[in-house]
Each structure stands twice: as structure tokens, then as C-alpha cells.
Amino acid sequence: MYFYQQKKSNYVEFDPNYIDFQQINVELDSVYIDQKSLLRGKINHIALKEISGLMITKGVADLDITNDYIDLNNMTFYTKESVLGKRVKLMFQSWRDFNEVESKVKWLFDLQKSKIQLEELVAFHPWFKDRRAEFYVTGKAQGTLEHLTSQDVWIQGVETQTWLHGALDLKSLVNLNEFSYRYQLNPSIADMRDVLDVIVTGK
């Protein structure tokens, strides 16, 4: 699936301009097409693999596609070691905005009951390889892939005492070689096991 045909992908990491899904298995129920929705229904099952290695093993969601947005609500998606919920919404003025998906498509992430295994993010950048830290993540973030912000994000270690809470500012989510973030923390706790695994050694 090309969003920007002139851009060549090297297939090493996930590229939002050049998406190639394989092994797609989707079951839809209660499908509607009306004056507003191009497609609306319930995803009872979804499984797929993107060529970068990013994989969804199973999932459910309420799907609504219009000419203004793509909305996955009441969502629970599973990868091999992570769980993502509850909502992802893409907003745009025209389908042509996907030609500049980094700057023109606005995203809403509402993460509830989500668990992230950090090493699975290696599909986005090799820096994550062998970083086995695991966290629960709760919070809402809005913006573009160039600049995403959240005023209230909770990050909790699954098997550690890490407990972080604050405002998060993310820049350059497409090109992680230029990625930067600022996490303005409220009173929080960082377990040294996570500091060593994630920041220092990536063992």
C-alpha cells in the first residue's frame, strides 16, 4: 500500500508511507454503509503482519471509516507480547492527506489497559533490540507523527517498581533517527532495573 509512491522503502523498519500487510485475516460483523460512513462495523477478529515485522496476532474493535476519519474504538489488539487498547483515530480533510501522512493526518491515541514490551518496537528502530523492559501505559495523546503531545501519561513497570506520571511531548515519530521526547514528570519512581535495561545497556 503506497501512500507516497515516489518514496522508496528499504523494508528494514516500519514506514508509514509504504505499508505492506501480509497474512491478513479479518472477520467483520454488523457492517453498514450509509450517507456518513463508507464502512462501519465490528471487527470480531483481526490478524496481520507488516513486512517490517510488526504483527497483530488477534484483536477486536468497532470500526468506522468516513471521508474525514478512520476510527478504531473499543479496541483490544494483541501482538506476541503486547496489548493495545482502547482507541486509535486518524483524522484528515482529504484522502490525499495520506500523501503527507507525517504532517497532515492527525492522530488520537487513547491507551487504556495497554501493555508494551519494549523490544517489539524494533519494527520501528533497531535501538529497541534486546531491550526487554515491559510497561503498562495509560493516557491520551493527540497530534501528528511529526509532533504528538499528551498532558497526562502513566507508565508503570510490569515487574518493577517504575511509576512515571506527567506530560509527554514526542517529535519525529516517523524518522526515529531524529526522534526526540520530553517527559515533564510529576512525582515519580524509576526502578534502576528499568534504567539499566532501557537507557544504559539494552541487555
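Tutor: A residue counts as exposed when its relative accessible area is over 50%, and as buried when that area is under 20%. Keep those cut-offs in mind for this predicted model.

Student: Why is Tyr181 called exposed?

Tutor: Its relative accessible area is 56%. The cut-off is over 50%, so Tyr181 is exposed.

Student: Why is Phe179 called partly exposed?

Tutor: Phe179 has a relative accessible area of 31%.

Student: How many aromatic pairs does a search of the whole structure find?

Tutor: The search finds seven. One of them joins Phe92 and Trp95, with 4.8 Å centre to centre and 50 degrees between the planes.

Student: What makes the pair of Phe179 and Tyr181 stacked?

Tutor: The ring centres are 6.1 Å apart and the planes are at 25 degrees. Pairing needs centres within 6.5 Å, and stacking needs planes under 30 degrees apart. Both conditions hold, so the pair is stacked.

Student: Is Phe92 buried or exposed?

Tutor: Phe92 has a relative accessible area of 6%. Under 20% means buried, so Phe92 is buried. Trp95, at 38%, is partly exposed. Ring pairs link Phe92, Trp95 and Phe98 into a cluster.

Student: How do you know that the charged end of Arg131 sits over the ring of Trp127?

Tutor: The charged end lies 3.8 Å from the ring centre. The distance limit is within 6 Å, and the charge must also be within 35 degrees of the ring normal. Arg131 is listed as sitting over the Trp127 ring.

Key:
Residues numbered from 1 in each chain as written. Predicted model: local features only at pLDDT ≥ 70, side-chain atom pairs only at ≥ 80, totals over all residues. Heavy atoms only, no water. Phe/Tyr/Trp six-rings, centres within 6.5 Å; stacked < 30°, edge-to-face > 60°. Buried < 20%, exposed > 50% of the residue type's maximum accessible area, 1.4 Å probe, protein only.
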